[in-house]
Amino acid sequence: MAGGVARRDRFELPDSVRRFFEGDWDSPALRVEEYQEGSTLVVKAEMPGIDPDRDVDISVSDGVLHIQAERQERTEHKEKGGYRTEFRYGSFARDIPLPSGSKDADVSASYRDGVLEVRVPVAERSETTSKIRVTRG
């Protein structure tokens with residue numbers, strides 16, 4: 001270490017740049033966007049090139065939303081002088097803790113233009129305050 005700066009023996013791309021060029025095939029974590037829309041928790045995940053009927057598994061257990069997907073891609077190049085195939089595949093998973101009051105039975109999911117959207121109804125919190133009496137022991 002010279003001058004307080006660590007020296008690297010080889011050049012490595014920052015993680016975000018590597019994902020841009022290579023895709024995120026080797027990462028088991030599925031990146032999601034989640035936000036509250038009225039009384040519904042909305043979770044969105046980019047999943048281009050998958051068949052939602054075959055490649056996605058969504059479940060809720062013990063107050064946690066589980067999303068798992070598997071992607072497989074195969075390309076073939078046939079040319080006069082040869083033949084080449086490429087495979088890319090990977091599994092992605094994400095567990096998202098649900099807010100208290102979530103209604104598991106009413107969870108819905110849709111897939112459109114490469115984006116999976118899961119909607120979880122959440123009971124609205126009542127803003128009641130209860131005064132707790134302190135007793136002397």
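Student: What share of the 137 residues of the chain counts as buried, and what makes a residue buried?

Tutor: In this predicted model, 21% of the residues count as buried.

Student: How much accessible surface does the chain have, and what part of it belongs to carbon and sulfur atoms?

Tutor: The accessible surface comes to about 11,000 Å², and carbon and sulfur atoms account for 46% of it.

Student: What are the secondary structure elements of the chain, and in which pattern do they follow one another?

Tutor: The chain has 2 helices and 7 strands. Along the sequence they follow the pattern α-β-β-α-β-β-β-β-β.

Student: Which strands form the open sheet, and in what order?

Tutor: The order is β1-β2-β7-β6, with antiparallel pairing. From one strand to the next, the twist averages 20°.

Student: Why are β1 and β6 said to stand at the edges?

Tutor: Strands β1 (32–37) and β6 (108–112) each have a single partner strand, so one side of each is left without a neighbour in the sheet.

Student: How do you know that β1 and β2 pair?

Tutor: Pairing requires at least two bridges between the strands.

Student: What makes β2 and β7 a pair?

Tutor: Strand β2 (residues 40–46) is joined to β7 by 7 bridges, and the two run antiparallel. The requirement is at least two bridges, so β2 and β7 count as paired. T40 stands opposite P121 in β7.

Student: What links β6 to β7?

Tutor: These strands pair over 5 bridges in the antiparallel sense. Among the bridge partners are S110 with E117 and R112 with V115. β6 and β7 form a hairpin with 2 residues between them; D113, in the turn, has a positive phi of about 50°.

Student: Where is E117 placed, and is it buried or exposed?

Tutor: E117 lies in strand β7 (residues 115–121). Its relative accessible area is 18%, and the limit for burial is under 20%; therefore E117 is classed as buried.

Student: Why is the link between the side chains of E117 and R119 called a polar contact?

Tutor: The distance joining the two side chains is 3.2 Å. The cut-off for such a pair of N or O atoms is within 3.5 Å, so the link between E117 and R119 qualifies.

Student: Which residues is E117 in contact with, leaving aside its neighbours within four places in sequence?

Tutor: E117 is in contact with V42, V43, K44, S108, A109 and S110.

Student: Which residues touch the most other members of the largest nonpolar core?

Tutor: Of the 17 residues in that core, V43, M47, L65, I67 and V118 touch the most other members. The elements giving two or more residues to this core are β2, β4 (64–79), β5 (82–97) and β7. In soluble globular proteins, nonpolar side chains tend to be buried together.

Student: What surrounds I67, apart from neighbours within four places in sequence?

Tutor: The contacts of I67 include L30, V43, M47, F92, I96, L116 and V118.

Methods:
Residues numbered from 1 in each chain as written. Predicted model: local features only at pLDDT ≥ 70, side-chain atom pairs only at ≥ 80, totals over all residues. Heavy atoms only, no water. Helix = DSSP H or I, 4+ residues; strand = E, 2+ residues; numbered from the N terminus. Buried < 20%, exposed > 50% of the residue type's maximum accessible area, 1.4 Å probe, protein only. Polar contact = N/O pair within 3.5 Å; in protein donor to acceptor, adjacent residues only side chain to side chain. Contact = heavy atoms within 4.5 Å. Axes fitted to C-alpha atoms, helices over the stretch in contact; angles between N-to-C directions. Areas by Shrake-Rupley, 256 points an atom, 1.4 Å probe, with all protein chains shown as cover. Core = buried A, V, L, I, M, F, W, Y, C linked by side-chain atoms within 4.5 Å.
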